[in-house]
Amino acid sequence: MSLLRTSVVSRALSRSYATAHAAGKSPTAVVMLNMGGPSTVAETHDFLLNLFMDGDLIPLPFQRFLAPVIARRRTPQIEKQYTDIGGGSPILHYTQLQGDGMAKLLDELHPETAPHKAYVAFRYARPLTEVTARQMKEDGVKRAIAFTQYPQYSCSTTGSSLNELFRKRKSTELDTIEWSVIDRWGTHPGFIEAVAQNIEAALAKFPAETRSETVLLFSAHSLPMSVVNRGDPYILEVSASVNAVMQRLGNSNPFRLVWQSQVGPSAWMGMQTGEALKGLARLGKKQVVLVPIAFTSDHIETLYELDLEYTKEAEELGVEVHRAASLNDSPVFIRALADIATEHLRDCKAGKGPTSIQMSLRCPGCTNATCGQQKAWFAGSGR
Ligand SMILES: C=CC1=C(C)c2cc3[nH]c(cc4nc(cc5[nH]c(cc1n2)c(C)c5CCC(=O)O)C(CCC(=O)O)=C4C)c(C)c3C=C
Ligand SMILES: [Fe+2]
Ligand SMILES: [Fe+2]
């Protein structure tokens, strides 16, 4: 579609939302769930406090007392990182852009449920669930999709966001809405295509003669081994994404999946990204493309850890590193989000239920009662 036609269509669609709203037709809400990040450096402390208060992510003894201490102690270091990447996290900007683009496409792809409206609900930064819920109430929302923006499922990420929505359902009147859930989409062809195109763009920076020797180093946020060992599906699902991307690329390059950003002294999933780069240098590898695979926009892990820390270290060891761009404003990715939501709405209409079959299963080692209650509540929504 030409740019001109896209903007004409999008203006017409915004008008269709405004007209339908004025006429009293409430929008189908698509609630973009993610962790969020501090939009300004000054918001870093509150972001960290919310994060360390989350017992679904970091169960601490005496959480209410310990979390503020740890958050306060960690704030200066993390504030410096957000300062160094330009003064804050871009996640809100990109999530809004992705959501608005998706909602416009959805009006075309699935007119039966139009108008669609994207809402953002972050777990640790503004806009938090309560604020989003208030907006949804003002808009008269009766039907909503909880659409995780984590491609791969972990109880510590998507699980935590769904638990929060479930806990707040009464106080925010979210329980008056008919819900369904998109809980994972790590092998969706549109997502895989968007990642593959960004890898191809990074690979093109190397000379054609040596391009196929470049190592693709997929990097995802690590998980504590205690979470892996209770049966969390994240490691498997990230691996499935990597395999799907490599198939799409025709297995053009050697590759590995490695893990970054571990926090604290406990055991985490390895091999660590920084160590892997050093190891590749030791093995004489000269060219690497770093590929963020478990997050949909830039954040400190890409802009600080990958771009500022690891790339510099590797280049000092004689390795040329280029990073595949994050999905950010990729039109291929925005189209993928719209396709995922369309397929979900069709599945709901076909009676496949408000949640996926896989979502119904708790981790075999899960002892968090909220997980079970939350899954049962979403599965029963609208029935
Ligand atoms: C899919 C991505 C992520 C998983 C899985 C994940 C698990 C996880 N994280 C922590 C602890 C922390 N994470 C922190 C920051 C952070 N985490 C992710 C993503 C995942 N986390 C991102 C994208 C970010 C950065 C946000 C940004 O704006 O850049 C932090 C805070 C930063 C710090 O203090 O270092 C902590 C703490 C645990 C314990 C965990 C699994 C249980
Ligand atoms: Fe769980
Ligand atoms: Fe994290």
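This is a predicted model: local features need pLDDT of at least 70, side-chain atom pairs count only at pLDDT 80 or more; totals for chains, interfaces and linings use all residues.
The chain contains 13 helices and 8 strands. Its C-alpha atoms occupy a box of roughly 65 × 55 × 40 Å along the principal axes. The radius of gyration is 21 Å, in agreement with the value near 21 Å that a compact globule of 383 residues would have. Of the 383 residues, 43% count as buried. When contacts between residues at least 6 apart in sequence are considered, 80% of them join residues at least 24 apart.

The largest nonpolar core comprises 94 residues. Within this core, the residues that touch the most other members are Val30, Val31, Met102, Ala146, Leu217 and Ala341. For Val31, with residues up to four places away in sequence left out, the contacts are Tyr119, Ala121, Thr132, Ala144, Ile145, Ala146 and Phe147.

Ligand 1 is surrounded by 24 residues, of which Gly37, Ser156, His221, His299 and Ile300 are the closest. Two elements, helix H3 (63-84) and helix H11 (300-316), each give two or more residues to this shell. By residue class, the shell divides into 15 nonpolar, 7 polar and 2 charged residues.

Helix H11 bends by about 35° at Leu306. Leu306 is also one of the buried residues of H11, the others being Glu301, Thr302, Tyr304, Glu305, Tyr310 and Ala314. The cover over these buried residues includes helix H3, strand S5 (215-221), strand S6 (255-260), helix H10 (273-282), strand S7 (287-292) and strand S8 (320-323).

Apart from neighbours within four places in sequence, Asp307 is in contact with Thr302 and Arg323. The C-alpha atom of Asp307 is separated by 9.2 Å from that of Val321, which lies 14 residues away along the chain. After H11 comes Gly318, with a positive phi near 90°.

Most peptide bonds are trans, and most residues other than glycine have a negative phi. A cis peptide bond with omega of about 0° joins Arg126 and Pro127. Pro127 is located in the loop between strand S2 (116-122) and helix H5 (129-138). Another cis peptide bond, with omega of about 5°, joins Gly270 and Met271. Met271 is placed in the loop between S6 and H10.

Ser261 lies in the loop between S6 and H10. Its phi is positive, near 65°, although the residue is not glycine. Ser261 is partly exposed, as 17 other C-beta atoms lie within 10 Å. Glu173, also not a glycine, has a positive phi of about 60°. Glu173 sits in the loop between helix H6 (158-167) and strand S4 (178-182), and its 13 C-beta neighbours inside 10 Å place it in the partly exposed class.

Note on methods: Residues are numbered from 1 along each chain as its sequence is written. Chains are lettered from A and ligands numbered from 1 in the order in which they are written. A residue is near a molecule or strand if its C-beta atom, placed from the backbone, lies within 6 Å of it. Helices (H or I, at least four residues) and strands (E, at least two) are DSSP runs, numbered from the N terminus. Ala, Val, Leu, Ile, Met, Phe, Trp, Tyr, Cys and Pro count as nonpolar, Asp, Glu, Lys and Arg as charged, and the others, Gly among them, as polar. A nonpolar core is a set of buried Ala, Val, Leu, Ile, Met, Phe, Trp, Tyr and Cys residues joined through C-beta atoms within 7 Å. A residue is buried if 20 or more other C-beta atoms lie within 10 Å of its own, exposed if 12 or fewer, and partly exposed in between; C-beta atoms are placed from the backbone. Two residues are in contact if their C-beta atoms, placed from the backbone, lie within 7 Å. The bend at a residue is the angle between axes fitted to the seven residues ending there and the seven starting there. The radius of gyration is taken over C-alpha atoms; the globule rule is 2.2 Å times the number of residues to the power 0.38.
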